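Please look over the structure below.

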Amino acid sequence: QVQVVESGGGLVQPGGSLRLSCAASGSIFRVGAMGWYRQAPGKQRELIATITSGGNKNYADSMKGRFTISRDNAKNTVYLQMNSLKPEDTAVYYCNAAVISLHYSDYIVYWGQGTQVTVSS
């Protein structure tokens, strides 16, 4: 079994910062690309950024500038640093990870349950 768990969400004032973490654990042989997405109420889930195991990053155009993705391969963990937060950043933030498990020889994408980020004064 593979688990992906996000943490670090919460309530923050406009202009503030948050750092989200997402760790993959369990029967893991290799973790490939990891990514962050978000879903605001009444909207579709949207891409924020992805990062490969080699550190190559890809950001959605609308997310460039205030969001920074990074990862620690030794911990199978991906981070999302969010700065200058706005009320419209309020959403559930999800992480995914492409994982080769100990039981299957191909990548499977696993999703976390999400962490709520609320930007409000």
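In what sense do strand 1 and strand 3 pair, and over how many bridges? The pairing is antiparallel and runs over six bridges. This is a predicted model. Strand 3 covers residues 18-26, and its Gly 26 stands opposite Val 2.

Strand 1 spans residues 2-7. In a regular strand the side chains alternate between the two faces of the sheet. The covered face of strand 1 holds Val 2, Val 4 and Glu 6. Its uncovered face holds Gln 3, Val 5 and Ser 7.

Now the rings. A search of the whole structure finds one aromatic pair. The partners are Tyr 37 and Trp 111, with ring centres 4.9 Å apart. Their planes meet at 55°, so the pair counts as tilted; edge-to-face would need over 60 degrees. Tyr 37 belongs to strand 4 (residues 28-39) and Trp 111 to strand 10 (residues 108-111), so the pair ties together parts 74 residues apart in sequence.

Are the two partners buried or exposed? Tyr 37 is buried, because its relative accessible area of 19% falls under the 20% cut-off. Trp 111 has 36% relative accessibility and counts as partly exposed.

Arg 45 also meets rings. Its charged end sits over the ring of Tyr 94, and Arg 45 lies over the face of Trp 111 as well. The distances to the ring centres are these:

| Residue | Ring | Distance to ring centre |
|---|---|---|
| Arg 45 | Tyr 94 | 3.7 Å |
| Arg 45 | Trp 111 | 4.8 Å |

Trp 111 therefore takes part in the aromatic pair with Tyr 37 and also has Arg 45 over its face.

Technical notes
Residues are numbered from 1 along each chain as its sequence is written. This is a predicted model: local features need pLDDT of at least 70, side-chain atom pairs count only at pLDDT 80 or more; totals for chains, interfaces and linings use all residues. Side-chain values use heavy atoms; hydrogens and water are left out. Buried means under 20% relative accessible area, exposed over 50%, partly exposed in between (1.4 Å probe, protein chains only). Helices (H or I, at least four residues) and strands (E, at least two) are DSSP runs, numbered from the N terminus. Two strands pair if DSSP finds at least two bridges between them. Rings of Phe, Tyr and Trp (its six-membered ring) pair if their centres lie within 6.5 Å; planes under 30 degrees apart count as stacked, over 60 as edge-to-face and the rest as tilted. A charge sits over a ring if NZ of Lys or CZ of Arg is within 6 Å of the ring centre and within 35 degrees of the ring normal.
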